[in-house]
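Please open the structure in a viewer and keep the selection panel at hand.

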Amino acid sequence: MSGIVEGRVVIVTGAARGIGRGHALEFARQGAKVVVNDLGAEVDGTGSSGAAAEVVAEIEAMGGQAIVNGEDVSDFDGAERLIRSAVEHFGDLHVLVNNAGILRDRMLVNMTADEWDAVIRVHLRGTFAPLRHAAAYWRARAKSGERLDARIINTTSSSGIYGNPGQGNYGAAKAGIAGLTVIAARELERYGVTVNAVAPAALTRMTENLIPAGTTGADPDDIAPLVVWLASAEARGVTGRVFNVRGGAISVAEGWHAGPGVDKGGRWDPAELGAVIPALVDKAAPNALTNGRVPGRED
Ligand SMILES: NC(=O)c1ccc[n+]([C@@H]2O[C@H](COP(=O)([O-])OP(=O)(O)OC[C@H]3O[C@@H](n4cnc5c(N)ncnc54)[C@H](O)[C@@H]3O)[C@@H](O)[C@H]2O)c1
């Protein structure tokens, strides 16, 4: 198979179904060799099944190359085995797509510590752990004098970067992933590794209770084209960015930045700030709505 990522070795986590499955199939169509990682969890993270093998069979049926990997991405040693499996089986690793995820939605007043920990663990640690081991692999290669053109593509969410009530655990993890993306991009640039993130919107089992039935333009396979492009040589100059993707609509998620400010040149008395802070807040752009749009601003 030939395409824009021909010959690249790619890991996609959580690739047995939903958006990750779409990534794995499009990577294979575009000529990549794919490690299809998934532990086969239910939407809340419990259980395990062999659904990743079906994606590998689909890729092989179209003449592509893929292997199954069943590691839990949030297991630090398991994540190292995941990275190693790509190198051992396909001889290298060029692209890591961190996509695996779970949901345990609950209003904060009722959320249990277990619901908090499980979601933070799979998303945040499950992004950090593969990223950490891939980065160490690439750093060793770069230090030995090789010129790399490697990629990490993380998965965040509008829930985290714009805020969605009822998803405090998930949103905090996804905001963390967006922050980690920016930091990792700065740390890894010197080794020839770009790091970006996508904030997808698609109808999957994860969102079937959140997106109204009959909604169109939200096919999980619509997310893959941007992810595959970010993984290609053409995307070398793009790093540290977060992209919203839904159907054919792609936009850049503009990050936090310092807005209107004031500097007294010394410590404030709290009593002075009532005359200062409301005016600054009035001058500042409002936070984006959950859909990412800033009220009163057209893009
Ligand atoms: N669907 C959307 O609209 C939407 C919106 C924003 C963000 N996202 C994100 O996109 C990603 C994919 O979500 P989806 O909608 O395709 O959901 P999904 O439930 O269909 O797929 C998630 C996959 O991750 C796997 N997984 C869960 N825990 C794992 C672990 N510890 N190790 C390995 N695999 C694990 C599951 O088995 C499942 O196959 C997630 O990170 C999700 O948070 C989705």
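The domain bounds used here come from an automatic or database domain assignment. The model itself is predicted.

**Stop 1: the two domains**

Begin by selecting residues 9-253 and colouring them as domain 1, then residues 259-299 as domain 2. How far apart do the C-alpha centres of domain 1 and domain 2 lie? The distance between these centres is 34 Å. Where the domains meet, five residues of domain 1 are in contact with six residues of domain 2.

**Stop 2**

Eight of them form an open sheet, in which the order is 3-2-1-4-5-6-7-8 and the pairing is mixed. Which strands stand at the edges? Select strand 3 (65-69) and strand 8: each has a single partner strand, so one side of each is left without a neighbour in the sheet. On average, and with direction ignored, neighbouring strands of this sheet are turned by 20° against each other.

**Stop 3**

Now select residues 242-246, which are strand 7, together with residues 249-253, which are strand 8. The two strands pair in the antiparallel sense over five bridges. Within this pairing, Asn244 is found opposite Ser251 of strand 8. Strand 7 and strand 8 form a hairpin, with two residues between them. Select Gly247 in the turn, where phi is positive, at about 55°.

**Stop 4: helices across the sheet**

Then select residues 113-143, helix 4. Which strands does helix 4 lie across? They are strand 4 (95-97), strand 5 (150-155) and strand 6 (193-200), and helix 4 runs at about 175° to strand 5.

**Stop 5: a pair of packed helices**

Finally, select helix 1 (residues 18-29) and helix 7 (residues 224-231), whose axes are 9 Å apart and which pack at an angle of about 55°. This angle makes helix 1 oblique to helix 7. The crossing of helix 1 past helix 7 is right-handed. To see the contact, show the side chains of Gly22, His23, Glu26 and Phe27 on helix 1, and of Ala224, Val227, Val228 and Ala231 on helix 7. Classed by residue type, this contact has five nonpolar, two polar and one charged residues.

Terms used: Residues numbered from 1 in each chain as written. Predicted model: local features only at pLDDT ≥ 70, side-chain atom pairs only at ≥ 80, totals over all residues. Heavy atoms only, no water. Axes fitted to C-alpha atoms, helices over the stretch in contact; angles between N-to-C directions. Helix = DSSP H or I, 4+ residues; strand = E, 2+ residues; numbered from the N terminus. Parallel < 35°, antiparallel > 145°, perpendicular 65-115°, else oblique. Left-handed = near helix turned anticlockwise from the far one by under 90°. Contact = heavy atoms within 4.5 Å. Nonpolar A, V, L, I, M, F, W, Y, C, P; charged D, E, K, R; others polar. Pairing = 2+ DSSP bridges.
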